[in-house]
Amino acid sequence: MNLNGVEVQDTFAEAFGMRGTRLIITGENLKWAYHGATALTGFATSVIACGVEAGIERKLGPAETPDGRPGASVLMFATSSKELGVQVERRVGQTILTCPTASCFGGLSEGDPIALGKNLRYFGDGWQASKVVGGRRFWRVPVMDGEFVCEETTRMVRAVGGGNFLILTTDSAAALAAAEAAIEAMRKVPNVIMPFPGGVVRSGSKVGSRYKTLPASTNDAFCPTLRGVVNTELPPEAGCCLEIVIDGLTADDIRVAMRVGMQAVIARGRAAGVVALSAGNYGGKLGQFHFHLRAILQEGDTPDAGAPTGGAA
Amino acid sequence: MTALTLTLKQALPGRLDLSPLSPTLARDGLGGLAALQVHMGTRQHALGELFAIKGDDASNVVLAGDLSRVDQIGAGLAAGSLRVEGHAGAYLGLAMTGGRMTVTGNVAEFAAVGMRKGSIEILGNAGDYLGGALPGALQGMAGGQVVVHGDVGARCGDRMRRGAILVAGSIGDYAGSRMLAGTLLALQGCGAHAGYGMRRGTLLVRGTIPIDATFADCGRHVLPIVHLLFRSWQPLGGAFAGLADQVRPVQRFMGDRGADGKGEILHFE
């Protein structure tokens, strides 16, 4: 399949089942809501060493948040419900409780409840108080700028992590430009995040390594500087490769995001240095979700594109 | 299906206890409704003797006529809707566990006492002990929401444990007395000794409110939880709709320091 001079390889991305949740962070203004949300989702690129993969889904207007203040919607994904619970409490406790004027709410209406402010409330040392509003319990913890308001629980759902595609270009500048265009388009898709820096990752990995202690190592087949000494998968004209990894609340959300992203890359075309689109997989043996690039591009717009799952607030 | 409508045939000579109505409708439906025995003083009457009964929807009940001498309307209501066209007597919605009740007129004392869930909307005024506790009971209202568009008498929310009472008018003396938790809103002030003996919970008051010496002034603040509450009350309309339109700082008084002292009076303009 060749679109606008870009070869779409006949391959698929391999993704895994994860547990995910959405949090709503609000603040006195968007600036402080984002300070909180940015810290909350910091160092959360990969579950390999960060515990969770997290990112800001989108900004929220005052009409979309429980307390009528501007905010940000954040998605967090972990490999197990236990780890997600640990990470949510740890991160909210260190980044939202500490952030001036910020409040934290659950952002999904379905799923199993996990603790959000349920244990963080004890920071109030006996001065904490709760209010039940519309069947949801909110904790008020006195802090030095007033009160930290935090919903008691957030909902956790079964989600999908690790959807991806690779952008193969002639050089680094073309790869960055294509990846940025893809991310800009994909950020408009609800229910997904791209957890790596700027949404893009350069260190795609393969399973295993020559070292006993290292279960994953650099994806040498796509490393341009090794093309002469390894079994390379780079076309002769490709000199750079970047990957975009997507976590989503459902497989359909990832499919939509992948299509939107790939279309943005294809729109730039061969003239802008884009050579091919590929994907990272492990031979189909590890992940239960397979996203075939060509099939996704041929599907066209699905009707559920643009429908957020579970509501924002 | 049309709403089950019970219209009082004539003015009552004494106080009528209508507590069997809602549990019987929930249990037996319309079967034998006209023969249901209700007490007026020491005498028993068949319901059909006192009310003209029309309609067939047992989950949507309308009571009409001068019901100001009818007590315990909607007592034990668990689901469905009950509408009172006109005034209602005492103990309206006693120990209610669900459903929705509307009264177009005034209600007498002890409405919503022991209420656990559901909602009551009163378009007129309410008497003393709204959402309070029965004499001897350790807890008053323990959940649900009561909205009053008029004024409320004394001891509103006495020993209240959970839920919200929202009053567009004023509340009499001892608002939220001995309150354990929950939320009480008065948009046109409170009488004397508001929050007397309260342990936890919130009295949110606009207008005049004398503050007892047992409440400690904790200063003026903008609290996100207040705005969260205001926004949740927006759909109620009327005087409640505009509360969330602007940031409203509150003066926070904590007390009653003679009791547990974790309660609060939040006063705003």
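## Close-up views of a predicted two-chain model

**View 1. The two domains of chain A.** The C-alpha centres of domain 1 of chain A and domain 2 of chain A are 31 Å apart. This is a predicted model. Domain 1 of chain A takes in residues 2-15 + 160-299, and domain 2 of chain A takes in residues 19-157. Where the two meet, 12 residues of domain 1 of chain A are in contact with 13 residues of domain 2 of chain A.

**View 2. The area between the domains of chain A.** About 980 Å² is buried between domain 1 of chain A and domain 2 of chain A. Carbon and sulfur atoms give 66% of that area. On the side of domain 1 of chain A, the residues that lose the most area to domain 2 of chain A are A:Ile193, A:Pro195 and A:Leu249. Together these three residues make up 50% of what that side buries. The count of salt bridges between domain 1 of chain A and domain 2 of chain A is 0, while 2 residue pairs are in polar contact across this interface. Strand S12 (192-193) and strand S15 (240-248) of chain A are the elements that give two or more residues to the side of domain 1 that touches domain 2. The residues on that side of domain 1 of chain A are 8 nonpolar, 2 polar and 2 charged.

**View 3. The interface of chain A and chain B.** Here 17 residues of chain A are in contact with 16 residues of chain B. The two chains, A and B, bury about 1400 Å² between them, with 64% of it on carbon and sulfur atoms. A:Lys131, A:Val133 and A:Arg140 supply 36% of the area that chain A buries against chain B, more than any other three residues. The rule finds 8 residue pairs in polar contact across the interface of chain A and chain B. Four strands of chain A give two or more residues each to the side that touches chain B: S6 (103-106), S8 (129-133), S9 (136-143) and S10 (146-151). The residues of chain A on this side divide into 8 nonpolar, 4 polar and 5 charged.

View 4. Between chain A and chain B the count is 1 salt bridge. In a salt bridge, the side chain of A:Arg140 meets that of B:Glu264, at 2.6 Å from N to O. A:Arg140 also forms a salt bridge with A:Glu147, at 2.8 Å from N to O. Both A:Arg140 and A:Glu147 are buried. B:Glu264 and B:Arg252 are both buried. The salt bridges link A:Arg140, A:Glu147, B:Arg252 and B:Glu264 in a network. Over all chains, the count comes to 16 salt bridges.

**View 5. The salt bridge of A:Lys206 and A:Asp220.** The side chains of A:Lys206 and A:Asp220 meet in a salt bridge of 3.1 Å, N to O. A:Lys206 lies in strand S13 (residues 205-207) of chain A and A:Asp220 in the loop between strand S14 (216-218) and S15 of chain A, so the pair ties together parts that are 14 residues apart in sequence. A:Lys206 is partly exposed, at 27% relative accessibility. A:Asp220 is also partly exposed, with a relative accessible area of 24%.

**View 6. The surroundings of B:Arg15.** B:Arg15 is in the loop between strand S1 (3-8) and strand S2 (16-17) of chain B. At 40% relative accessibility, B:Arg15 counts as partly exposed. Leaving aside residues up to four places away in sequence, B:Arg15 touches B:His39, B:Met40, B:Gly41, B:Ser68, B:Arg69, B:Asp71, B:Gly89 and B:Ala90. The side chains of B:Arg15 and B:Asp71 are joined by a polar contact of 2.8 Å. A polar atom of the B:Arg15 side chain lies 3.2 Å from the backbone oxygen of B:Ser68. The C-alpha atoms of B:Arg15 and B:Gly207 are separated by 36 Å, and the two residues are 192 residues apart along the chain.

**View 7. Helix H3 of chain B.** Helix H3 (residues 224-233) of chain B is mostly covered, with 8 of its 10 residues buried. Among the buried residues of H3(B) are B:Pro224, B:His227, B:Phe230 and B:Trp233.

Key:
Residues numbered from 1 in each chain as written. Chains lettered and ligands numbered in written order. Predicted model: local features only at pLDDT ≥ 70, side-chain atom pairs only at ≥ 80, totals over all residues. Heavy atoms only, no water. Domains from an automatic or database assignment. Contact = heavy atoms within 4.5 Å. Buried area = accessible area lost by both parts, 1.4 Å probe. Salt bridge = Lys/Arg side-chain N within 4 Å of Asp/Glu carboxyl O. Polar contact = N/O pair within 3.5 Å; in protein donor to acceptor, adjacent residues only side chain to side chain. Nonpolar A, V, L, I, M, F, W, Y, C, P; charged D, E, K, R; others polar. Buried < 20%, exposed > 50% of the residue type's maximum accessible area, 1.4 Å probe, protein only.
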